[in-house]
Every structure is written in C-alpha cells, then in structure tokens.
Amino acid sequence: MITLKQLRCFVTVVKTGGFLQASIQLNLTQPTVTKSISNLEEYLGVALFDKPLTHRKKRLVNLTEIGEHLYIQAVDILQKADNLEQTVVDYQQLIGGKLRLGISPLGSEILSKAIFNFYQMHPSIETSLIEDGAESLKQALLEGQLDVATLMKPIDDDFDYLSICCYPVVVVANKNRMGKQKTKVTLKSLSNAPLILFTSNSSFTPMIIENCQSLGFEPNIICQTNQWHLLLDMVKQDMGVTLLPQYYTQKLDLTGLVCLPLTQPQLKWELVMAWRRHRLLTPSMQAWLDNIRKNDGVSESMLRR
C-alpha cells in the first residue's frame, strides 16, 4: 500500500535534488528517507531513480522515465491531501461549513437578532433558512435534511433541545366584546366564541384545539391565517377572538383591543431549538447553539440531555 509519507519523501527528494537535502527538509534521518523510497519502489515494482550522479562532490538524482510520470501524479496527490487537511481545519475553525436551520412561522421574529449576530460572527458559514410547519420540521430533522429547527414543547424523545423562551397564552378581543369588568378568561368560556387563530401549520393552534377538546367542546374556528395584521384587523372589527403568546401582545398594535390572561388551564407557549437526539454536533451547529445561549433576544437556556 502506498502511503502519503512515501510520496512526500519521493517528491521532496526530487525537488531538493538529493536524499540528504530531503531528509533535512522533512526533519527525518537520511536512512529513513532512503528506506521509504526503497519500499515505494519495491511495492510498485519499478525503479524511480537512476543511479545517483556525482557533480562537483554533490550527488544528484535523476528520475527514470516511469519516475517522471509518477512524480507528476504524486505532486497532485499530495496537493489534494493538503487541501483535504485544510478543508478540515477550516471546517473546525468555522471558516467554512453549512448550517441548515428550520423555523416555524410562529416565533421566527424572536430569532432575527440571533441570525444576524451569527452571520456577523461567521460570514463564511453557508446558512440556509427553511420556514415550515412543526410536523414538517420534525420529519426533516429526523431524516437529516435539517441540522436544527424551532419546535414547541412538549418535545418528543427523538430530539435534544435548547430552550429559547416561554410566554403565557393570552386572550385578545375587541374591548366592547369583553366588557370593562373582565380581568381574566377561562378557556371553557370561549366555547361559543368565534375564534380567529394563527394558521395550524404551527404547533400552537393544535395545542389550543386539544385543550378545548379535553374540556368537552370543539372550538368555533371561523378563520386561520399567518398574517398578523389581518388577524388583528379582524379581531379589531369584532369578527372574533384570538389567542396569542404574550410575546406578540407586547410587539403588535393592540389599539382598540384588550388582552386578558387565559386561565383554567393556563397555557404556555414554550419555544425550543431542537436537533436529532444523539447526533454529533458539527462545529457550525455548536457555534449556532452557543450563539443562541448568548443572544439577548432569548431567555436563559437549559440543555436537555
């Protein structure tokens, strides 16, 4: 079997013009270089060098015809090997690499600062963003099509995760509908209310539906949309009531609306950054998770093991 060490000795002997010169450059003993070349010639069954010539007390080496052909290929092989090593070094030092990030429609705004910071710190990492529903993101993680993705608790045992945020769910309605005396709303009291909810391709709406069903009623959903302004405009026009994570009630224009805590049950929107369990983290993935931990836009995180 030909080794890179043999090829490197062979090429260095040719470039330096002698075995002694090659041993000095490679920081090896001359017998080691000589033996390496001999083993290479024995394995190939051909002579790579003619008998050394002496010129002005200096022994010179000359390649045989086949040696000249092999020298060209050996130089190319060593260059590719060096490129391979450099690729690994670049990968480990985050000079290259990829990050495939999946984001659910609900909660993508929370990561905007983290994404910007990551790009600023690691511009050489090729980052691709895919927005999709929770079930599609889970499947993509399991099939290796994504490295990390935002999911909502509870999380399946197939995944490890890093917590991003946790906000209570609140009821948002037209002020006239709720009246001035109400300070909180039970989920059961919304059994007949027309509901305008965020699109069901996130895990948020299914959570609401499941909790309504556990209380013995089917929610009266009259519309679902992933357009925040449309959703709030419909609620402002008193077409119906919506439920949102408190995070969004702090960000959106709620003029003419009232936000009330949801009780019985007190639902929570817990967003996490997840990846396939037991997967070896790439340097890009580790850098992204470190970025999430440090980012001011997310809460102090806990890693599940």
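Predicted model: local features only at pLDDT ≥ 70, side-chain atom pairs only at ≥ 80, totals over all residues.
**Cysteines, rings and a surface patch**

Student: How many turn up in the whole structure?

Tutor: The search finds 0 disulfides. C212 is in none either: its nearest cysteine sulfur, in C223, is 16 Å away.

Student: Good, let's turn to the rings. How many aromatic pairs are there?

Tutor: The count is 11 aromatic pairs. One of them joins Y247 and Y248, with 5.0 Å from centre to centre.

Student: What makes the Y247 and Y248 pair edge-to-face?

Tutor: The label needs planes over 60 degrees apart. Here the angle is 90 degrees, and the pair is edge-to-face. Both Y247 and Y248 are buried.

Student: And why is the pair of Y248 and W269 called tilted?

Tutor: Their centres are 6.0 Å apart, and their planes meet at 50 degrees. Stacked would need under 30 degrees and edge-to-face over 60, so this pair is tilted.

Student: What makes it a link between distant parts of the chain?

Tutor: Y248 sits in helix α10 (residues 246–249) and W269 in strand β12 (residues 268–276), 21 residues apart. Both Y248 and W269 are buried.

Student: Which residues do ring pairs link into a cluster?

Tutor: The cluster holds Y167, F198, W228, Y247, Y248 and W269.

Student: Now the surface. Which residues make the nonpolar patch?

Tutor: M1, I2, Y43 and L44 make it, and it covers about 440 Å².

Student: Why is Y43 called exposed?

Tutor: Exposed means over 50% relative accessible area. Y43 has 51%, so it passes. Y43 lies in helix α3 (residues 30–44).

Student: Is I2 buried, exposed or partly exposed?

Tutor: I2 has a relative accessible area of 35%. That falls between 20% and 50%, so I2 is partly exposed.

Student: Which residues does I2 touch, leaving out those up to four places away in sequence?

Tutor: I2, from the segment before α1 (4–16), touches L7, L40, Y43 and L44.

How values were computed
Residues numbered from 1 in each chain as written. Heavy atoms only, no water. Patch = residues over 30% accessible without salt bridge, like charges linked within 9 Å, V, L, I, M, F, W, Y side chains within 5 Å. Areas by Shrake-Rupley, 256 points an atom, 1.4 Å probe, with all protein chains shown as cover. Salt bridge = Lys/Arg side-chain N within 4 Å of Asp/Glu carboxyl O. Helix = DSSP H or I, 4+ residues; strand = E, 2+ residues; numbered from the N terminus. Buried < 20%, exposed > 50% of the residue type's maximum accessible area, 1.4 Å probe, protein only. Phe/Tyr/Trp six-rings, centres within 6.5 Å; stacked < 30°, edge-to-face > 60°. Disulfide = S-S within 2.5 Å. Contact = heavy atoms within 4.5 Å.
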